[in-house]
Amino acid sequence: MLNLIKLELKRMNLTSVALSFVFINLAILSILMLLGLEPEAAQEFLASGQEIRLLIELLVVAAFVIYASVLLSNTIIEEFKNKTISVLFMYPISRKKLLLAKLIIISVLTFFFIIASILIVYYSFSFINGFYTVTPVDLPAALQTDYLIHLVVLAIACAGMSLIPLFFGMMKYSVPATITSSILIVALLSSSVDTIGTNLLSFTAVPVLLGVFGFIVANLVVGRAVQKDF
C-alpha cells in the first residue's frame, strides 16, 4: 500500500497542490482583513477570540472540503469518465488497494491542510492585527491544549467528510456533481441553527458524524467501483 501511495504522489502535480494551499490561505486571510474594514462586519464576526477562531475554522473547512472534491475529480472521477483507469487496472495490482491509495492521499492532505491552515491563518491574523488593529480583540499567542485536541478531531472528521462527494460523482462520473455536493456539505455546516448565528460546524458531533459517514461511503463506493468492467 505504501508503494502505491508513493506512485500516486508521483502522478499528482504536487507543485500545483502546494500553490493551491498557499493561495487558499492568502484568500482566507484577505477575507478576515476585509471584514475588519467594515465596522458592522467586524462587530458581528470579529467581536471575540472565540468568534474569530470559529470563523477561521468555517472558512478553512469550507475551502478544503471543496478543494478535496477537486482532487477527487482529478484523480478518480476523470479517470473513470475517460476510462484511463482501465490502464491502471491492467496491472497485477489490487484494484481496491489502488483506489484506496488515492483516497488515503486526499484524506491525509485534507487532514494536514486543515490543521496547518487554521494555525497559519490564526497566527498570521494575530500578527497583522498587532500592527494595524483590524479588531481590538486580543488574540492569545498560546492556544489551549483542549483547543488543539479539538482541531485534530475536526481535521480527522473533515478528512472523512471530504470523501462524501465521491458517492455523487461516481454515479455518472460527473465532476460538476462531485464539486456541487461538496458545496452543499459546506452550506449545511455553515447554516445557522439559532437567532445568534450559531452554525452546525460549531457542534463537534456534527462534523464527526459526517466524517464517519464519509469513510463508510468511500469504502462502499470503492467496493462497487472495482467490480465494474471496462
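How many residues does helix H2 have, and how far does helix H2 reach from its first C-alpha to its last? Select residues 14-37: that's 24 residues reaching 35 Å, close to the 34 Å expected at 1.5 Å a residue (the expected span being 1.5 Å times one less than the number of residues).

Before moving on, some housekeeping. Residues are numbered from 1 along each chain as its sequence is written, and this is a predicted model, where local features need pLDDT of at least 70, side-chain atom pairs count only at pLDDT 80 or more, and totals for chains, interfaces and linings use all residues. Side-chain values use heavy atoms, with hydrogens and water left out.

Now zoom out to the whole protein chain. You'll find 10 helices and zero strands (DSSP runs numbered from the N terminus: helices are H or I, at least four residues; strands are E, at least two). The C-alpha trace spans about 60 × 35 × 30 Å along its principal axes.

Colour by burial next: 46% of the 230 residues count as buried (under 20% relative accessible area, with a 1.4 Å probe and protein chains only). Back on H2, the buried residues include Val-17, Phe-21, Ile-24, Ile-28 and Leu-32.

Then select H7, residues 145-161. Its end C-alpha atoms are 24 Å apart, which agrees with the 24 Å its 17 residues should span. Among its buried residues are Tyr-147, His-150, Leu-154 and Cys-158. To see what covers the buried residues of H7, show helices including H4 (49-81), H6 (95-132) and H10 (205-225).

Technical notes:
Buried < 20%, exposed > 50% of the residue type's maximum accessible area, 1.4 Å probe, protein only. Contact = heavy atoms within 4.5 Å.
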